[in-house]
Amino acid sequence: MPAPILPGPILPTPSLTAVLGLLDLIGVGVFALSGALLAARLRQTLVTMTFFALITGVGGGSVRDLLIGAPVFWVRDPLVAPVCLGVALVVWVTPSRWWAASNYDWPMLDWADAVGLGAYAVLGTAKALAYGVAPVPAMLMGVITGCVGGVIRDVLAGRPSILMRPELYVTAAALSSLLCAAGKTLGLPNALVWPVAALGGFALRGAAI
Amino acid sequence: MPAPILPGPILPTPSLTAVLGLLDLIGVGVFALSGALLAARLRQTLVTMTFFALITGVGGGSVRDLLIGAPVFWVRDPLVAPVCLGVALVVWVTPSRWWAASNYDWPMLDWADAVGLGAYAVLGTAKALAYGVAPVPAMLMGVITGCVGGVIRDVLAGRPSILMRPELYVTAAALSSLLCAAGKTLGLPNALVWPVAALGGFALRGAAI
Amino acid sequence: MPAPILPGPILPTPSLTAVLGLLDLIGVGVFALSGALLAARLRQTLVTMTFFALITGVGGGSVRDLLIGAPVFWVRDPLVAPVCLGVALVVWVTPSRWWAASNYDWPMLDWADAVGLGAYAVLGTAKALAYGVAPVPAMLMGVITGCVGGVIRDVLAGRPSILMRPELYVTAAALSSLLCAAGKTLGLPNALVWPVAALGGFALRGAAI
């Protein structure tokens, strides 16, 4: 059989797909939380809050999947919608003082965003690598998909993008992506590399909060 | 024949495709009108007005098609470009008092947006269902594609996104999408479900204007 | 062999692909420069600057490739990442007075944007034509992909989009796209059409700066 002319994706194995799917769900959940909290802070309705949760939750992963040519992960997934709806409902029914130190200080929003940043930076890199993308572009993919959820959330809300704050943000995503790509290149097991890489970015971002 | 490994789209029938194409064209037209009116209000040139008409008109449908893995509907369509250009031209040659109550009050902009919202929420849901997406994600697809045209238009113009107004917007799109998915699940005919669903969302949005 | 049911892309020849790839790299470079300069003006860190360079550099081409159904050009390309990183590094290590007339006046940012606008308008049109898109939609594709890099850059930075300035911007992209599509329709050689079309849009935009 002749070799294909166009470079096709090297499809990941089913077990890797399952792990990536689970991590995607966690990333969706924490980003959805940050979106719902921003909507709560803006005193929006439950439906708008759900919309913010959904868009922020799936934004990064959707852009990643479109760029690497994978089917968009959440469109045929039975769990993503309930997760986003559930997160929005929880934020809606709980008093805002559980989430906010004051009307102007919502630390949980930043922390959820930080967890999502680390998780998606690793996920973006790992999924791109699994689809046969070279390490350096895969790392960039991780940075983009880690940052894009928060950017979309902020643009939708009409507030200055989180990138513009005088803090480490892109750098934290870059650290997670770099650790993930480096671990893969060195042949270390994913079960070790992924948590360390995600924690690295999260810690750096957390230090900046 | 063995089952396919990856879940492929269940391609819609040619007649359904034709109906969806016609509805897409209507959605494009009204969203294009809202984009052209915003550009007129901002006293932009004809070319920028056409650009706003195009981007607002095709934005929602493009995002929908990318997410469900369909070819982007307008790229190979011979009618979308003339429709957007025509809408921009009509707005350009007609006096702005036809469209605006005053310099600061452009009710037609909101009404065109409301029609587009209802039409695209139904279209997004229906096309996603036709591609084999499950009802709940298909509904979310309807909400996203109904809202995204207006969001892109507002972000391009640098004004606060329509989502941020203290009015029902996402809720109206959610109503249309819900009615569309419910009708499909109950097996009702599209010729009944689609107009009712679109009108429902439009009426709810209209009441908020 | 039966005709295919769905309209598939007419894949460009390898030599045309090579030329398009080279032009893409130039477009990436100049748009990356405009992104890096905006980040420099906002006194961002090196990593954020690289992120801006990357997103602005690849934004237009990514949207174009997604819309026409081509694999996203930079994901499997070994040169785009080094180009963006290199551009950001050069801007980082050089004194800002090389690039800026004053703190509030960065003419190089607008000039790099103008070169990118012309180059990407032609590239967008040419690549869409090469994939079998009809001339008018191909022209619209050129306009969109020429403008979208700068729009994404400005939205990320939270400043009013360049479209909103009272200057010729979309019109310049439209001129380049029109010349490119017209040249192709008349059967003129690409080696003549592409430079003329890119220069036409650049000159019109330059006159407005």
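Predicted model: local features only at pLDDT ≥ 70, side-chain atom pairs only at ≥ 80, totals over all residues.
The search of the whole structure finds one cavity of 30 Å³ or more. About 1500 Å³ of space lies in the largest cavity. Its lining has 47 residues, and the closest to the centre are V63(A), I152(A), V63(B), I152(B) and I152(C). By class, 41 of the lining residues are nonpolar and six are polar, while none is charged.

How are chain A and chain C related? Chain A can be laid on chain C by a turn of 120° and a shift of 0.0 Å along the axis, with an RMSD of 0.0 Å. That is the relation of a three-fold axis.

The size of an interface is often given as the accessible area lost when the parts come together.

| Item, chain A and chain C | Value |
|---|---|
| Residues of chain A in contact with chain C | 25 residues |
| Residues of chain C in contact with chain A | 21 residues |
| Area buried between the two chains | about 1900 Å² |
| Part of that area from carbon and sulfur atoms | 77% |
| Salt bridges between the two chains | zero |

Which surfaces do the copies use to meet? Only 8% of the interface residues of chain A are also interface residues in chain C, so the copies meet through different surfaces.

Key
Residues numbered from 1 in each chain as written. Chains lettered and ligands numbered in written order. Heavy atoms only, no water. Least-squares fit on C-alpha atoms with pLDDT ≥ 70 in both. Contact = heavy atoms within 4.5 Å. 1 Å grid on protein atoms, 1.4 Å probe; cavity = no way out; pocket = protein on both sides within 12 Å on 5 of 7 lines; lining within 4 Å. Points joined across faces, edges and corners; volume = space filled by probe spheres on them. Nonpolar A, V, L, I, M, F, W, Y, C, P; charged D, E, K, R; others polar. Buried area = accessible area lost by both parts, 1.4 Å probe. Salt bridge = Lys/Arg side-chain N within 4 Å of Asp/Glu carboxyl O.
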